[in-house]
Amino acid sequence: MKKLLQPALIGIFTMILMMVILWPWQNDEFAENREIRLRNVGHQILLASGDTTSRVLPINKISESEFIILFESPFQFVPDTLVKVIHAGLKEGLVTKNPEDSYQVNVLECRGKLIVYSYQMSGQKDETLVPCRGRIQPKDCYRIKIKFESNQVTASNFSVPIIIGILAFGFLFLFKMKTPKPQSKQPIDESQTMVIGKFEFNYGSYLLRIGKEEIELSQKENKLLKLFASHQNEILERDRLLKEIWEDEGVFVGRSLDMFVSKLRKKLLLDPNIQLKNIRGRGYILQVG
């Protein structure tokens, strides 16, 4: 069951991970081009008023959701046309549903900063409010302030922490499934204990003890030390050591023997009366003085 479950979980969480990575790109489809769209809106407003020469000034960004379109020259506008131009300019070139369907527009006087016209656009038709339709506003210096609904961004991003949480939980679950449970230590059987100088060597538990210190041994180190401990102060031939330790593997590697002897020599340094010596041309001897 685990073998079938793991690939499915990996696939699911990989998909969620891709969603998390790609989410900012999807969410910023409109935000990153917002100021360009707003300049286009300003351009269309001037064209609708018959102005083809004056400039749209740089967009004044008040906050992440609030902007002001500035104009070089005075112009007049009709509310109905203004509403259509702004909405079309914000949606121009978009195929997907525009998350900026909800916003508020205030037309301000340049001098007194009074609001001369205002309307609310909502994604829900029942909530859209456009007053003063058909009333031509006189030619004057205007600034257009557009405020996008910030709660839309908050609501959209709210799902990201949830996805990340699910993803983290999934990886922890997979890690737990793959991680083998640690084996509990075997109780020490004193009948499997041998004395090597000041050391107590328990080959059943793969442990060397000296005082309060315990030194763990690998399987190969344990087998090798047991052989030396059974023949203390005797020369053990290389061929015998290789045969008894590596016989089950079918391949005898002299370098492996030398490496494990070197590891054992370091672990026995706590007792200066023990020496694991190389007898050139013959083998090794565990000298306990």
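Select Lys220, Lys223, Leu224, Leu227 and Phe228 in H5, then Arg240, Leu241, Glu244, Ile245 and Trp246 in H6: these two groups of residues meet in this predicted model. By type, the residues of this contact divide into 6 nonpolar and 4 charged, with no polar ones.

Next, show the two helices whole. H5 covers residues 219-230 and H6 covers residues 238-246. Two packed helices are described by the angle between their axes and the distance between the axes. Here the axes come within 10 Å and cross at roughly 135°. Angles from 65 to 115 degrees count as roughly perpendicular and those over 145 as roughly antiparallel, and H5 and H6 are therefore oblique to each other. Their crossing is right-handed.

Pick Ile210 and look across to E11, where its bridge partner is Glu213. The hairpin has 2 residues between the strands; select Gly211, which takes a positive phi near 65°.

Finally, colour the model by pLDDT. The protein chain averages 77, and 65% of the residues score at least 70. Select residues 25-29, where pLDDT stays under 50 and the model has 5 contacts beyond four places in sequence. Then select residues 151-158: pLDDT is below 50 here too, and this stretch has 8 contacts in the model beyond near neighbours in sequence. Where pLDDT is low, the predicted coordinates should not be read in detail.

Technical notes. Residues numbered from 1 in each chain as written. Predicted model: local features only at pLDDT ≥ 70, side-chain atom pairs only at ≥ 80, totals over all residues. Heavy atoms only, no water. Axes fitted to C-alpha atoms, helices over the stretch in contact; angles between N-to-C directions. Helix = DSSP H or I, 4+ residues; strand = E, 2+ residues; numbered from the N terminus. Parallel < 35°, antiparallel > 145°, perpendicular 65-115°, else oblique. Left-handed = near helix turned anticlockwise from the far one by under 90°. Contact = heavy atoms within 4.5 Å. Nonpolar A, V, L, I, M, F, W, Y, C, P; charged D, E, K, R; others polar. Pairing = 2+ DSSP bridges. pLDDT = per-residue confidence, 0-100.
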